[in-house]
Amino acid sequence: KHYDIKTDRFYYYNKETNETFWDASKWLIKQNIPLPLEDQLLYNSKLQIKELEKKLLDKDIEIKNIRKKRYEELEPLVIADRVSNAKSLQRSKDMDKWTIDELGAWFIELKLDEYIPFLYKNRVDGYLFVNLSDDDWTDMGITNRFHIRKLQLIMKAYRLRYQRKKDRIEVDQDDE
């Protein structure tokens with residue numbers, strides 16, 4: 001009886017006939033023929049490797065879970081820092097040029113900061129926000145009628161400016 005590490009199987013060698021065969025009879029398997037020392041060491045090493053691979057996989061899963069938990073703990077702090085830093089930036093008058101951070105800072109100015117996590121989670125920047133319809137706001141979790149009305153009034157000017165800018169670009173392209 002011998003062990004082949006490449007196939008991870010045992011094979012049998014008949015010394016009298018010099019034959020090698022992989023499929024042993026039930027009777028031969030029951031004989032419990034010992035492996036040669038080198039094959040036994042090889043087989044034991046293979047078992048240890050499998051055990052270590054399983055432990056490594058378990059540790060990888062544990063590390064991923066810890067990272068996820070830590071990310072969930074730190075994400076609100078990171079967002080708060082990014083928005084805080086963005087407050088000091090001079091924003092463009094054109095909302096379509098705003099970054100996520102600048103849009104988040106604007107939401108804080110409007111006292112609508114409960115919607116900021118959605119902006120970051122879904123990567124909503126100024127360009128996307130100015131192109132959202134009022135109906136899309138409910139998908140963002142903005143369901144308070146007063147918040148919606150506040151945004152409608154403010155967004156009217158930003159959308160008008162964006163539309164004029166877009167129309168100017170289209171006219172310039174037609175001239176070429």
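**Reading a helix and a sheet**

H2 bends by about 40° at Leu74, and a proline, Pro76, follows within four residues. The bend is the angle between axes fitted to the seven residues ending at a residue and the seven starting there.

Q: What kind of model is this, and how are residues numbered?
A: This is a predicted model, where local features need pLDDT of at least 70, side-chain atom pairs count only at pLDDT 80 or more, and totals for chains, interfaces and linings use all residues. Residues are numbered from 1 along each chain as its sequence is written, and side-chain values use heavy atoms, leaving out hydrogens and water.

Q: What should helix H2 span at 1.5 Å a residue?
A: Helices are DSSP runs of H or I, at least four residues, and strands are runs of E, at least two, numbered from the N terminus. The expected span is 1.5 Å times one less than the number of residues. H2 has 51 residues (37-87), so it should span 75 Å; its end C-alpha atoms are 72 Å apart, which agrees.

Q: Which residues of H2 are buried?
A: Buried means under 20% relative accessible area, with a 1.4 Å probe and protein chains only. In H2, this holds for Asp39, Ile79, Val83 and Ala86. Their cover includes strand E1 (2-4), helix H3 (100-109) and helix H4 (116-121).

Definitions and conventions:
Buried < 20%, exposed > 50% of the residue type's maximum accessible area, 1.4 Å probe, protein only. Contact = heavy atoms within 4.5 Å.
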